Structure formats: structure tokens, C-alpha cells
Amino acid sequence: MRPDLTKNTRVQDLEDFYWLKAELQCFCRENGLSASGPKAELTERIKRFLVNGEIIKPAKKARWSTNAKQQELSLETVILENHRCSQHVRAFFKTVIPSFHFSTFIQSYFKENIGKTYREAADAWLEEETRKKDPGYRKEIPPQFEYNQFTRDFFADPDNAGKSRSEAIEAWNSVKTQSGSNKYKPGVRL
């Protein structure tokens with residue numbers, strides 16, 4: 001049975017059980033921790049707090065000035081550490097690729113490719129769009145979307161052929177309350 005998330009929660013329990021981001025944020029607010037950031041950062045912040053009471057402030061990201069937002073963009077623009085997927089950036093990419101839209105793929109590309117150019121980002125976006133047209137294409141699901149990965153794996157299991165979405169949700173609800181991995185395991189009776 002999953003324990004409540006309190007100051008007395010063991011780090012092992014924090015790691016072993018599934019927690020909604022909202023639960024992690026609530027814990028942070030109640031204990032004077034910042035509740036901003038992705039789920040992985042919140043979990044790490046809470047771990048440090050549970051271990052030694054340390055309150056970690058998230059790193060402040062540099063804000064773009066009004067001038068930076070309106071800087072002239074080109075295919076030679078270099079992706080900087082504080083890159084933002086703004087309307088200004090979207091408008092530029094639409095002049096190069098009329099069907100352009102922000103996606104988790106391109107947002108991750110910007111984060112992981114500091115120092116590359118907008119030309120390389122445009123090429124990467126077009127390559128991803130081409131990959132998506134392949135019938136065998138399976139979009140990678142980032143680790144923070146455990147439910148999405150679980151349901152994909154649930155329906156990929158031949159033993160679950162014909163099962164409904166509600167059966168997948170029931171299986172997910174069973175797994176997430178147990179200690180350990182939240183990954184779907186074929187052949188396991190839930």
C-alpha cells in the first residue's frame with residue numbers, strides 16, 4: 001500500500017511509488033520548497049529535503065529582454081542556453097517551413113543542442129516529420145509520462161488484444177499503487 005507523502009516518508013518510498021506531479025508540488029508548498037519545474041526536479045528536491053532538510057531553490061533562468069525577443073532571427077542564429085520557444089521564434093520558423101509547429105521533439109532539440117544553428121534545428125524538425133510518416137514509427141515517450149508508456153505497452157501485449165481502455169486504466173491504477181517499477185510487464189496478472 002502506498003504511504004502518504006509527508007516529512008517522515010522514507011526516500012526509498014518516494015522512489016518506489018508513483019506520485020502525481022500535483023502531489024509533489026503540494027508537498028513542496030507545505031514544506032517551503034519551490035513547487036516549480038518538471039516532475040524529476042521536484043522529486044530530486046524532495047529527496048534532498050527528506051535526507052537532510054535541505055531546501056534547494058531552482059536555478060534561476062535568465063529572462064529574455066524585450067530586445068532579445070525581437071532580435072533578427074536567421075538560419076544562422078545560434079541556439080543559446082536560455083532559448084525560449086516563443087511566438088517570435090515560431091513566426092520565424094513558419095517563414096522557413098510553413099507547416100512548422102512546436103512539438104516535444106523540437107523543444108527537446110533546443111534544450112539538448114545548445115550551440116547549433118536554427119538551420120540545424122529546421123533540418124532536424126523536417127527529418128522528424130519524415131520519420132513520423134513511416135507506418136512503423138513509434139514516438140519516444142519521455143520518462144515523465146509513465147502512464148502513456150504503460151498504456152502503449154499494455155496494448156502492444158498480444159495477451160491484451162481486444163481489451164478496452166478502461167481495462168488498461170484499471171491495470172495502471174493497480175500497478176501505480178504498488179512499490180517498485182510502474183512499467184508494464186507482459187504476462188503479469190494484475
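Which residues lie nearest the centre of the second largest pocket? In this predicted model, the residues nearest that centre are Lys-39, Pro-143, Gln-144, Glu-146 and Asn-182, and the lining of the second largest pocket comprises 23 residues. Helix 1 (11-16), helix 3 and helix 8 are the elements that give two or more residues to this lining. Helix 3 gives the most, with four residues. The space in the second largest pocket amounts to about 500 Å³.

Helix 2 has a buried side and an exposed side. Its buried residues are Leu-24, Gln-25, Phe-27 and Cys-28. Around the axis these residues cover an arc of only 160°, which puts them on the same side of helix 2. Arg-29 and Glu-30, on the other side of helix 2, are exposed. The packing partners of the buried residues of helix 2 are helix 1 and helix 3. After helix 2 comes Gly-32, which has a positive phi, near 75°.

Aromatic contacts were examined next. A pair of aromatic rings is described by the distance of the centres and the angle of the planes. The structure holds 16 aromatic pairs. In one of them, the ring centres of Phe-27 and Phe-49 are 5.9 Å apart and the planes stand at 75°, so the pair is edge-to-face. Phe-27 belongs to helix 2 (residues 21-30) and Phe-49 to helix 3 (residues 39-52), so this pair ties together parts that are 22 residues apart in sequence. Both Phe-27 and Phe-49 are buried. The rings of Phe-100 and Trp-125 have a centre distance of 5.3 Å and an angle of 45° between their planes, so this pair is tilted. Phe-100 is in the loop between helix 5 and helix 6, whereas Trp-125 is in helix 7, so the pair ties together parts that are 25 residues apart in sequence. Phe-100 counts as buried because its relative accessibility is 2%. Trp-125 likewise counts as buried, at 2% relative accessibility. Ring pairs also join Tyr-18, Tyr-147, Phe-150, Phe-154, Phe-155, Trp-172 and Tyr-184 into a cluster.

Tyr-184, a member of that cluster, is also a contact of Asp-157. Asp-157 is located in the loop between helix 8 (146-156) and helix 9 (165-176). With a relative accessibility of 7%, Asp-157 counts as buried. Apart from residues up to four places away in sequence, Asp-157 touches Tyr-184, Pro-186 and Gly-187. Asp-157 and Tyr-184 are 27 residues apart along the chain, and their C-alpha atoms are separated by 9.3 Å. A polar atom of the Asp-157 side chain lies 2.9 Å from the backbone nitrogen of Asp-159.

Helix 6 (residues 104-112) has Ile-106, Tyr-109 and Phe-110 as its buried residues. Viewed down the axis of helix 6, these residues fall within an arc of 95°, so they line one face of the helix. The exposed residues Lys-111 and Glu-112 are carried by the face turned away from the buried side of helix 6. Helix 5 (87-96) and helix 7 (118-132) are the elements against which the buried residues of helix 6 pack.

Two residues of the loop between helix 6 and helix 7 were considered as well: Asn-113 and Thr-117. Asn-113 is buried because its relative accessible area is 15%, under the 20% limit. A polar atom of the Asn-113 side chain is 2.9 Å from the backbone oxygen of Tyr-109, and Tyr-109 is one of the buried residues of helix 6. Thr-117 is also buried, with a relative accessible area of 15%. When neighbours within four places in sequence are left aside, the contacts of Thr-117 are Leu-75, Glu-76, Thr-77, Val-78 and Ile-79.

Technical notes
Residues are numbered from 1 along each chain as its sequence is written. This is a predicted model: local features need pLDDT of at least 70, side-chain atom pairs count only at pLDDT 80 or more; totals for chains, interfaces and linings use all residues. Side-chain values use heavy atoms; hydrogens and water are left out. Buried means under 20% relative accessible area, exposed over 50%, partly exposed in between (1.4 Å probe, protein chains only). The arc is that of the directions from the helix axis to the C-beta atoms. Contact means heavy atoms within 4.5 Å. Rings of Phe, Tyr and Trp (its six-membered ring) pair if their centres lie within 6.5 Å; planes under 30 degrees apart count as stacked, over 60 as edge-to-face and the rest as tilted. A polar contact is a pair of N or O atoms within 3.5 Å; within protein, one must be able to donate a hydrogen and the other to accept it, and residues adjacent in sequence count only if both atoms are side-chain atoms. On a 1 Å grid over the protein atoms alone, a cavity is a set of points where a 1.4 Å probe fits but cannot get out, and a pocket is an open set with protein on both sides within 12 Å along at least five of seven lines; lining residues have an atom within 4 Å of a point. Grid points are joined across faces, edges and corners, and a volume is the space filled by probe spheres set on the points.
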